[in-house]
Amino acid sequence: MALLIAAPDRDITTLAARVRSQAPDIDLRLWPETGRIEDIDFAVLWKHPPDLLDQLPALRAVSSLGAGIEHLINDPTLPDKLPVGRLSGPRLAADMAGWLVARVIAHWRDFDRFNALQRQQRWEPWAPTRPPRIGLLGTGRMGRAAARAFKALEIPVTGYRRGQNRGLDRGEHDDDALADLEIVSGRPALIELAARVDYLICLLPLTPATRSILDAELFAAMSPGSVVANVGRGAQLDEDALLAALGRGRPAAALLDVFADEPPAPGHPFWGHPRISMTPHCSAITSDAEAATLMIESYRRVRSGLPPLGAVDRRSGY
Ligand code: OXD
């Protein structure tokens, strides 16, 4: 029995050292040094090589090293019934909530303007007369952490989730802080939500149904002065539609952490756009400490016959 980590684009040295010191009993293998391949019964993957899963005959489950699982779900060699999990803990969700609160408040309170005024030695107090209204696309762990953080600041939040039935809201009911969170579903409700909020934030998982969800129709519904933020996946944003919509002032600005191509190509219009604020896909990054603990727990669960942590519903793709 062995645990494999394969994350070719990441330095996993510290992560591996943590797993080894926290769980010396685990036979940890680091791709490409897989050792005897038949031993590997659990693999934690991030942008893994395309032919890897085919070579692992004894897998009982796999997990994403992060919150997003589309790199696994979209792998045509992923066996149909193989359980898929994700490593997404409270630290990751708190970091995401922190990014969103910081970005929204900095924009709403217009700190850029105060920075400019300071340089001009001008003293011009101003504060908004009401808190911003937030529309939060995605009510999973990340969405709930963000909603909780905004709620602590008395900032009204409405959640959106795609379907009525299940999904990212597992565990929601034991969360008293969110018991009264208004949640809407369905495309018409999403358009209506876009029209009545100041900040429309996307932290949905990427599935066929959420691809290009931030599109021209949605932007046309947004009110002048409003802002769109995307921390989900770049493919959820129709970039051309955003550029056209910003030209019309609806939305008036975009706060983006994820992009269709990362990094966007040199000369991409987003780089120098005066109303787009970019960060390089770092709103929340799984820390080695959290990943090691979750990975060990997930592996122990799988070994005792339970689903991996953050088990994904393969049919809905999240
Ligand atoms: C993730 C990410 O999915 O970093 O964890 O985007």
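## Second largest pocket

Helix α3 (90-108) gives the largest share of the lining of the second largest pocket, four residues. Helices and strands here are DSSP runs, numbered from the N terminus (helices H or I, at least four residues; strands E, at least two). The model is predicted: local features need pLDDT of at least 70, side-chain atom pairs count only at pLDDT 80 or more, and totals for chains, interfaces and linings use all residues. Residues are numbered from 1 along each chain as its sequence is written, and side-chain values use heavy atoms, with hydrogens and water left out.

A pocket is an open set of points on a 1 Å grid over the protein atoms alone, with protein on both sides within 12 Å along at least five of seven lines; lining residues have an atom within 4 Å of a point. The second largest pocket holds about 360 Å³. Its volume is the space filled by probe spheres set on the points, with grid points joined across faces, edges and corners. The lining has 17 residues. Ala-106, His-107, Asp-112, Leu-255 and Ser-277 lie nearest the centre. At least two lining residues each come from α3, α4 (111-119), β11 (253-256) and β12 (276-278). By class, 11 are nonpolar, two polar and four charged. Ala, Val, Leu, Ile, Met, Phe, Trp, Tyr, Cys and Pro count as nonpolar; Asp, Glu, Lys and Arg as charged; the others, Gly among them, as polar.

## Largest pocket

The largest pocket has a volume of about 1100 Å³. Its lining takes in 42 residues. Nearest its centre are Ala-67, Gly-68, Arg-86, Ser-88 and Met-142. The lining divides into 20 nonpolar, 11 polar and 11 charged residues.

## Salt bridges

The whole structure contains 18 salt bridges. Each puts a side-chain nitrogen of Lys or Arg within 4 Å of a carboxyl oxygen of Asp or Glu. Asp-39 and Arg-29 form one of them, at 2.8 Å from N to O. Asp-39 sits in the loop between β2 (28-30) and β3 (40-45) and Arg-29 in strand β2, so the pair ties together parts 10 residues apart in sequence. Both residues are buried (under 20% relative accessible area; exposed is over 50%, partly exposed in between; 1.4 Å probe, protein chains only).

Asp-215 is buried at 18% relative accessible area, whereas Arg-187 is partly exposed at 28%.

A further bridge joins Arg-196 to Glu-192, with the closest N and O atoms 3.1 Å apart. Both lie in α6, four residues apart, about one turn of the helix. Arg-196 is partly exposed at 28% relative accessible area. Glu-192 is partly exposed at 40%. Elsewhere, bridges that share partners join Asp-27, Arg-29, Arg-36, Glu-38 and Asp-39 into one network.

## Ile-213

Ile-213 lies in the loop between β9 (199-202) and α7 (216-221). Ile-213 is buried, with a relative accessible area of 5%. Beyond its neighbours within four places in sequence, Ile-213 contacts Tyr-160, Arg-187, Leu-190, Leu-204, Leu-218 and Gln-236 (contact means heavy atoms within 4.5 Å). Ile-213 and Arg-196 are 17 residues apart in sequence and 17 Å apart in space, C-alpha to C-alpha.

Terms used:
1 Å grid on protein atoms, 1.4 Å probe; cavity = no way out; pocket = protein on both sides within 12 Å on 5 of 7 lines; lining within 4 Å.
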